[in-house]
Amino acid sequence: MSDTEPTGAAPLEIRPIKQRVWRRLSLVWLVPLIALAVSLWAAWQNYQDRGTLITISFENALGITAGETTIKYRDVTVGEVESVEFDVGLSVVLVQARVDKTVAPYLDDDAQFWVVRPDVSVRGISGLETVLSGVYIEGNWDTDPDVAQYEFTGLEQPVLTRAGQRGVRIVLRATDAGSVSAGAPVLHKGIEVGYLEEPELSFDGTQVVVTAFIEAPFDRRITTSTRFWDTSGFSVSFGTGGVSLNVNSLASLIEGGIEFDTIVSGGAPIRDGEVFDIFVDEDTARDSLFTDPNAEVLEVAVLFEQSVSGLTPGSEVRFQGIRIGEVSDLNAIVVGEGSNAEVRLQAVLAIEPSRLGMGVEATTDDALMLLSDFVERGLRARMVTGNILSGSLLVELVQIENALPAILTNSAGLYPIVPTTDSQISDVAATAEGVLARINALPVEDLMDGAINLMDSIETLANDQATRAAPASLMALLDETRALIASEDTQAVPGDLRKVINDLDAIVARATEVDLVGDLDTALESAAVAAANIELATQNLPEITEQLEALTRKANSLEFEALVTSATETLAAIDAFIRNDETAALPASLGDALDEMRGFLTEVRQGGAIENVNAALASANEAAQAVEDAVSTLPALSARASRLVALTEEVIASYGERSRFSAETLATLRDIQEAADAVYSLSRTIERNPNSLLIGR
Amino acid sequence: MACQQCGQVHRQEVQYCKRCDGPLQSRDVDSLQKVWAWLIAGMIAYIPANLYPMLLTSTIGKHSESTIIGGVVELVEHGSIGIAIIVFVASVMIPVGKFIAIIYLAVSVQRKSKDNRHERHKVYEVVEFIGRWSMIDVFVVAILSALVQLDTIATINPGIAAISFAMSVIFTMLSAQAFDARLIWDADRTQT
């Protein structure tokens, strides 16, 4: 440093001042310029990219943190909360957020914002990720840019339907919101295909209106002939089929649910906002299918003098047993004035003209004309018991013979009034009591004892080998009888008798000729006995016939074809035997023979002299004996047949009894067996699958 | 006259160093310009370094960004005053101090101030020495980002500020380098 001083060269080293500024500038200056440019550009870019500031107002800002909480749209972060503050008056929390410039134009008046928080409901857990990451604000808007807005009101509840979600939005009407709550599922054949949004009261406050969103492609299942019904919770229905309990899924048990089905085809496709009614249950919904729910109904009134408890809006209106409408309203009205004023209970009947068989295009006026016509001819309204257990009533329109003349009047109020007749209300209590009393009075125990005894007897009888063999024996017996009757011997009896008589005639003639009168007393006695026997035998013949006929009748009532045939044949044979002219002529012949004998005897007495006739008489005695023997078997046969008939009668009677009784017993046992099987399978099902009780499947 | 590169002393007329062949300059004429240029670049770079987040930390679900000052405040709030001081000194005081020192030196040379020549020389030496330590912050960020990459559990990434801070440090170092300390002496030369 000191060496520069003496040289004095320093002035040379210093550049002349006149040199231009540009020349003196170093290239180094480019560096800060570039840095500045980059910074400025970055800052500008940043400023440009900075999102649009929007303000969302919430009731509370639980979990929202400035600088951390993001705004998401379809799970993509599109903005961030910048500040959280109160508005003037502390009424709402204003959340200021910046959203990306690209999405800002879409934030029009349909944009909705809500805070996503963890949510545990019966249908599941949602927003679980926010437990760790903190809440975020979810936005929902459609994909059409509109007039951009910058101030929004946040929703307290998440929106269920995403904008742009494909499906159809329909409006459901219900009488109360008991079964509908936001988020409740809409089911179709048990599959969740949509959900309900927040229910609201209808404009006039009489109904609950709820919008339902049906996701594509299930929305195609809905036509104008689709019916919706309430499937919430469980339902117990009484019916002729017994009690049925229907439990749906646990979610619908708590939240309620709506099911729909399109049972008949031919409905027109629907548009957004189509209105449907929610029916109380599936049956009602299906019932309604065959009428247009929006069809005009004819409203007529009926004034009842007695209590209408048991009649409710919705109670059926029947005409000759067919449902033609329902009770739409019940109220009390005053009829008459001053001291004549009376309170009557007015039931308004909504009658569907199409149900009267009037065709689709029938108007209510046509229906009114028809009804008025009917009333003039004796149509009257009355209440009848619909269900004896629940005591519910229904209104029935009946044709009364010789009814007092009446017409459809329109005097007392809004509706034409259908005249009434005496109602047929069965009081449940009284009826039940009466039934019970009658049941009580029945000798049930005696009956049971008798039945037990009878069953015991039948059992022993049925178990008895003899009983089992009875039909066979009977057949055999009948066969034998037939064989006996058909046998030539028996057939020959009349012939033999005639021969004997002829012989006797001959003998008598010879005796007359030879004039022999010997030991006649014995012969006469024998002959008398023989005659008596023959008489007895012949007397028994009609009885046999009768009894055989009875047997045949009994046998006829049996289903044993062979038996019947046999019996018929037997009968025919016996008949033939009985109708045989020879048999019929038998008594006459015998009488003749005896007369002749008597004449012969007197002649013999007069003539005397019978010596060689003893042998002849002995042979005649033998012949008489033979006849007697032959004839004496007849009573035995008759007795046997009689016994047989009695036995058969007994057997048949017991069989007849048994067949009905045992059939019933068997049917009862089978029923019990079936019931036991059903219970067993139910318990097996529940055992195998206990959660079926919960999930309803 | 001494060679800038190897320190060999030459006579004034000599154009190139005999030992290292480097060009000889008694004074760097553009020195002050370069100083200013680098300094301004450094200061420009220092602005985003403070405005933008230095560290992008994401632990399970949580995502946080911290600027230098924000980090210091956070550390103080957590009670780690010692570390807070170190960070503050390394990232704020030193760069800012360097800017001030260089500005002071440059201004004093331009105004040809004759005061505190020795002190100014000391200041220059300190600035040059301390310059490289300013990179401590950048190193910390670099090491943390490299080590803490545990995916969803915890991840640390350098922010824009880390780069601009590094730039700022580099620019100021260059600025300090560009400063020709010999100019400090020239003030009284022209006077005399």
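Colleague: Hi! Before we start, what is a nonpolar core?

Modeller: A nonpolar core is a set of buried Ala, Val, Leu, Ile, Met, Phe, Trp, Tyr and Cys residues joined through C-beta atoms within 7 Å. Keep in mind that this is a predicted model.

Colleague: Thanks! How many residues has the largest nonpolar core?

Modeller: It has 40 residues. Among those with the most contacts inside it are Val35(B), Trp38(B), Ile102(B) and Phe165(B).

Colleague: Which helices supply at least two residues of this core?

Modeller: From chain A there is α4 (30-49). Chain B brings α1 (31-51), α2 (68-78), α3 (81-110), α5 (136-147), α6 (160-178) and α7 (183-191).

Colleague: And what does Phe165(B) touch?

Modeller: Leaving aside residues up to four places away in sequence, Phe165(B) touches Ala49(B), Asp137(B) and Val138(B). There is also a second, separate core of 28 residues, including Phe319(A) and Ile351(A).

Colleague: Let's switch to helix packing. At roughly what angle do the axes of α1(B) and α3(B) cross?

Modeller: They cross at roughly 155 degrees and come within 11 Å. Angles over 145 count as roughly antiparallel, so α1(B) is roughly antiparallel to α3(B).

Colleague: Is that crossing left-handed or right-handed?

Modeller: The crossing of α1(B) and α3(B) is left-handed. Residues of α1(B) including Val35(B) and Leu39(B) meet a set in α3(B) that includes Phe99(B) and Ile102(B).

Colleague: Last topic: where in chain B is confidence lowest, and where is it highest?

Modeller: It is lowest in α7(B), at a mean of 61, and highest in α3(B), at 84. Chain B averages a pLDDT of 78. Where pLDDT is low, the predicted coordinates should not be read in detail.

Colleague: What ipTM does the predictor give the complex?

Modeller: The ipTM is 0.70, alongside a pTM of 0.42.

Notes:
Residues numbered from 1 in each chain as written. Chains lettered and ligands numbered in written order. Predicted model: local features only at pLDDT ≥ 70, side-chain atom pairs only at ≥ 80, totals over all residues. Buried ≥ 20, exposed ≤ 12 C-beta atoms within 10 Å, placed from the backbone. Helix = DSSP H or I, 4+ residues; strand = E, 2+ residues; numbered from the N terminus. Contact = placed C-beta atoms within 7 Å. pLDDT = per-residue confidence, 0-100. Axes fitted to C-alpha atoms, helices over the stretch in contact; angles between N-to-C directions. Parallel < 35°, antiparallel > 145°, perpendicular 65-115°, else oblique. Left-handed = near helix turned anticlockwise from the far one by under 90°.
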